[in-house]
Amino acid sequence: MIRLSIQARQALARLTLPVLIVFSLALMLLGRATPLVPEQARISLSDALAPVYAVVDAPILAVRSAVRSGRDVFALESQNEKLRLENERLRHWYDVAMALDAENATLKGNLHWVPDPTLSYVTARVVADAGGVYARSVLLAVGPHSDIRHGEIALDAGGLVGRVTEVGARSARVLLITDMNSRIPVILEKNRARAILVGENAPSPRLLYVQDGIHPEEGERVVTSAEAGAFPAGLLVGTVHYSTSGQIEVTPAADLGRLEIVRIFDYGLSGIVPPETPGRAAQHP
Amino acid sequence: MDKTPGIRPRPGLRHMLDVASRYAFPGVQTALVLLLLSAPIGIPGQPELQPAWVTGNVFFWSLFRPSSMPAFLVFGLGLLVDLLTQEPIGIQILLLLLIHGLALKFRRELSRSGFALVWLVFGATALVTAVAELFLVSLLTWRILPPWPGLFEFGVATGLYPFLALYLTSVHRGPAAPERAA
């Protein structure tokens, strides 16, 4: 070690904190100027942590399912009744769907319909809530040779979850529809009115820019629209709900607070790049 | 001649390892719990718990045992928080370094006063930190953000601090005390 006098050593120790503060300011500017560098750092960190999270997740999932089955024991009878009614309803809809399917096939044959290509998807497990205070996103653990690319769409069993914004070797980050930067073109199902779904970092995103003269009903279904080639049409987003202050919100169909498994679909769209999270300038694909 | 006569434990590898692990304990436990808090456990308000935990830890250790929380470690913890959440990089680093500097500056007075004063100072620090974070994130993303998440973060940090201090005091007297190394 270099031999320094006590005064020099004390001066150096006192200098550490200001130097580090200046360094952090420089890092802030660097992060803004070259957004790829912190993104690479984030991806490497989440790549390193995703397997660890997946391992830590196992007991948490076990506890959660145990709590759920414990709660279910108390509600067996009412749940049974509810499931019986739902079953009857679904059987009816199954018959309707079969009849419509047959009709669809006949009509498609008559029109010489060109079929859409079958979609490929990757299933991934959500291992971490990666948003923080000012963003909403989740981290997925994916296999090392997965096909996930920037901009692909994530769907839950219930509905739309979000879009993939970062992809690493073993992890991927999905920006949820509730994030502040998320803007999704949607259509209201009943009257086919267009609107934009705007995330607010709150549990329910808001519906803005609804076409003039259209008043959405409470409980109306909202699906994605194919405007500008950003999203495929027809994906279920949620249902309309009027908040207490009269604003139009959409209750998401996907269970965003308890995501466990999502499916990443490759629709082959590249119309609009997905939104970037705070602090990162837009990238080119 | 022995310049510092007295009874002391035998210096050897075991003793050195013990002392080193005691010095490292606060930083490592902060980082580990931070990583644990980013797993999807489903605690309400979990995204606000991460900065609250780190802020409380940095403040406590800078105040009561600064040799276990040097500036480089604070920098590293801030970098970890920034990389784990989606915040623009550098914000939490700056805020944690400022909290560290503040705690060091008022160490002489605060370490002698009771818990209430320390909590008050921490509350004021957390409020200023939340406001500064809101301002910096708004500046770096070039849009006006709503204040509610920041205020909620301040509330969580201030409310968590008593329980945190309870746990950390027992750590401070036990596993993190190098002077008690066997």
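Strand 3 (residues 153-155) and strand 4 (residues 160-167) of chain A run antiparallel and are joined by three bridges. The model is predicted. Its chain A has a barrel closed by six strands. Chain B has a contact between helix 2 and helix 7, packed at about 45 degrees. Seven cavities of 30 Å³ or more are present in the structure.

**Barrel in chain A**

- The barrel order is 1-2-5-4-3-12, with antiparallel pairing.
- From one strand to the next, the twist averages 45 degrees.
- A:Leu155 has A:Leu160, in strand 4 of chain A, as its bridge partner.

**Helix 2 against helix 7 in chain B**

- Helix 2 covers residues 46-64 of chain B, and helix 7 covers residues 148-173 of chain B.
- Their axes lie 7 Å apart, at an angle of about 45 degrees.
- Helix 2 of chain B is therefore oblique to helix 7 of chain B.
- The crossing of helix 2 of chain B past helix 7 of chain B is right-handed.
- This contact has 19 nonpolar residues, four polar and two charged.

**Largest cavity**

- The largest cavity holds about 80 Å³ of space.
- Its lining includes B:Pro51, B:Ala52 and B:Thr55, along with B:Gln92.
- Also in the lining are B:Ala126, B:Thr129, B:Ala130 and B:Glu133.
- B:Gly150, B:Glu153, B:Phe154 and B:Ala157 are lining residues too.
- Helix 2, helix 6 (115-141) and helix 7 of chain B are the elements that each give two or more residues to this lining.
- By class, the lining of the largest cavity has six nonpolar, four polar and two charged residues.

**Second largest pocket**

- The second largest pocket contains about 350 Å³ of space.
- From chain A, the lining takes A:Ala13, A:Arg14, A:Thr16, A:Leu17 and A:Pro18.
- From chain B come B:Pro66, B:Met69, B:Pro70, B:Ala71, B:His100, B:Gly101 and B:Leu104.
- Two elements give two or more residues to this lining: helix 1 (6-33) of chain A and helix 4 (91-105) of chain B.
- Helix 1 of chain A gives the most, with five residues.
- The lining of the second largest pocket divides into eight nonpolar residues, three polar and one charged.

Key:
Residues numbered from 1 in each chain as written. Chains lettered and ligands numbered in written order. Predicted model: local features only at pLDDT ≥ 70, side-chain atom pairs only at ≥ 80, totals over all residues. Heavy atoms only, no water. Axes fitted to C-alpha atoms, helices over the stretch in contact; angles between N-to-C directions. Helix = DSSP H or I, 4+ residues; strand = E, 2+ residues; numbered from the N terminus. Parallel < 35°, antiparallel > 145°, perpendicular 65-115°, else oblique. Left-handed = near helix turned anticlockwise from the far one by under 90°. Nonpolar A, V, L, I, M, F, W, Y, C, P; charged D, E, K, R; others polar. 1 Å grid on protein atoms, 1.4 Å probe; cavity = no way out; pocket = protein on both sides within 12 Å on 5 of 7 lines; lining within 4 Å. Points joined across faces, edges and corners; volume = space filled by probe spheres on them. Pairing = 2+ DSSP bridges.
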